[in-house]
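Work through the exercises below with the model open. Try each task before reading its solution.

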Amino acid sequence: MWELRHRGGCPGPGGAVAPPPREGEAAGGDHETESTSDKETDIDDRYGDLDSRTDSDIPEIPPSSDRTPEILKRALSGLSSRWKNWWIRGILTLTMISLFFLIIYMGSFMLMLLVLSIQVKCFHEIITIGYRVYRSYDLPWFRTLSWYFLLCVNYFFYGETVADYFATFVQREEQLQFLIRYHRFISFALYLAGFCMFVLSLVKKHYRLQFYMFAWTHVTLLITVTQSHLVIQNLFEGMIWFLVPISSVICNDITAYLFGFFFGRTPLIKLSPKKTWEGFIGGFFSTVVFGFIAAYVLSKYQYFVCPVEYRSDVNSFVTECEPSELFQLQSYSLPPFLKAVLRRETVSLYPFQIHSIALSTFASLIGPFGGFFASGFKRAFKIKDFANTIPGHGGIMDRFDCQYLMATFVHVYITSFIRGPNPSKLLQQLLVLQPEQQLNIYKTLKTHLIEKGILQPSLKV
């Protein structure tokens, strides 16, 4: 209809819109060679108006191939498809959890590499969907520029992390000092180069679609890179801030699936027909209990509760500290109704266990909406999964759609209710300053301590 109104044509046989006759040409007469404007009209007819497309106009994406190992197919061949999928998901889930425990044992640095790997894979899956949906347009430089922008954004965020947490190491390397000093300018220059390349790649009659894909890339960067950066920021606060939220989401995903599989009868949301209220409620209570217990167990060990710091003298990450009050047992008075049930006046808890209730509640009540959002995205583009990376589970993004939302909440929660000034980080920043600046700060701090009565005026420091 849009083309009919603007071109003044009318539907021909088969519903095609016939263009009006050109000036000096009788309707139905012989046509001369098409002019440039006619060719542009034909191209416009070919690509159509994207604004008028509906969900039903989105091209079908071929289903992903089944990557289930042959040994599992043979072992489960006698089961129904429902139970076959249950066993495949269960076996692969246990395998992934075992690998996750191994990476935890290997330390913080390996966890950071894991987060980076997951980020790159999720970005690849989402970008690939865009490429496959609009493959007929053959956009120039789309994939190359997408990966270039991924490198630029990662360079910016990880450069900021290096400047914040590895200042003492950077101070010893002259080349790194230059990169850190002008880090934001370099990052902006790299992004500008990609921006200019995008503008130069614009092709006539592809403009609107190219800008769609430009926006697609940047939204994908916002979802994957920004959130994974927040995950690493949480990890530096202490591995417990990384493990409890992530494991709570995993627990909620597993228990909600189990409760829904065995007891589910009432549909929860139309976006995900297999989600049920029974699974949602069962997953909530299971996750809160799991988070409370996990917080109790992990709070006992320095390896999990101490902030992750880089020690230049040993050239590695360390997790050694005096645990803060969050991870020291405190006595709490019980409410009257619990006193009668438990027959005790007080209970000893780690304060972090109380915070774990807030974390696990978010993971089980709000976190699933990240999954619903992903379900809506997949329905919009007529795909079952983001990819077929993990048999029975789909792609990496299918497993981490809720984790990214959780990462943002944990980061906001820490900055709002937990984090105070970090003396170690502040000291690292002071060591980067010039000697004159360090001396001025020393004199100011000494004067302040004397005025508060902490130091005596005659005391030599």
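**Exercise 1.** Which helix holds E160, and is E160 buried or exposed?

Solution. E160 lies in helix α6, residues 142-165. Helices (H or I, at least four residues) and strands (E, at least two) are DSSP runs, numbered from the N terminus. Next, take the accessibility. E160 has 17% relative accessibility, so E160 counts as buried. Buried means under 20% relative accessible area, exposed over 50%, partly exposed in between (1.4 Å probe, protein chains only). Last, list the contacts (heavy atoms within 4.5 Å). Leaving out residues up to four places away in sequence, E160 touches H183 and R184.

The model is predicted: local features need pLDDT of at least 70, side-chain atom pairs count only at pLDDT 80 or more, and totals for chains, interfaces and linings use all residues. Residues are numbered from 1 along each chain as its sequence is written, and side-chain values use heavy atoms, with hydrogens and water left out.

**Exercise 2.** How do α16 and α17 cross?

Solution. Start with the axes, which are lines fitted to C-alpha atoms over the stretch in contact; angles run from 0 to 180 degrees between N-to-C directions. The axes of α16 (residues 368-380) and α17 (residues 396-418) come within 7 Å and cross at roughly 130°. The two helices are therefore oblique to each other. Angles under 35 degrees count as roughly parallel, over 145 as roughly antiparallel, 65 to 115 as roughly perpendicular and the rest as oblique. Then name the residues that meet. P368, G370, G371, A374 and K378 are on the α16 side, and D398, D401, C402 and L405 on the α17 side.

**Exercise 3.** In which sense do β3 and β4 pair?

Solution. Strand β3 (residues 267-269) and strand β4 (residues 272-276) pair in the antiparallel sense over two bridges. Pairing requires that DSSP finds at least two bridges between the strands. I269 has S272 in β4 as its bridge partner. Two residues separate β3 and β4, which form a hairpin.

**Exercise 4.** How many helices and strands does the chain have?

Solution. The chain has 19 helices and eight strands. Of its 461 residues, 37% are buried.
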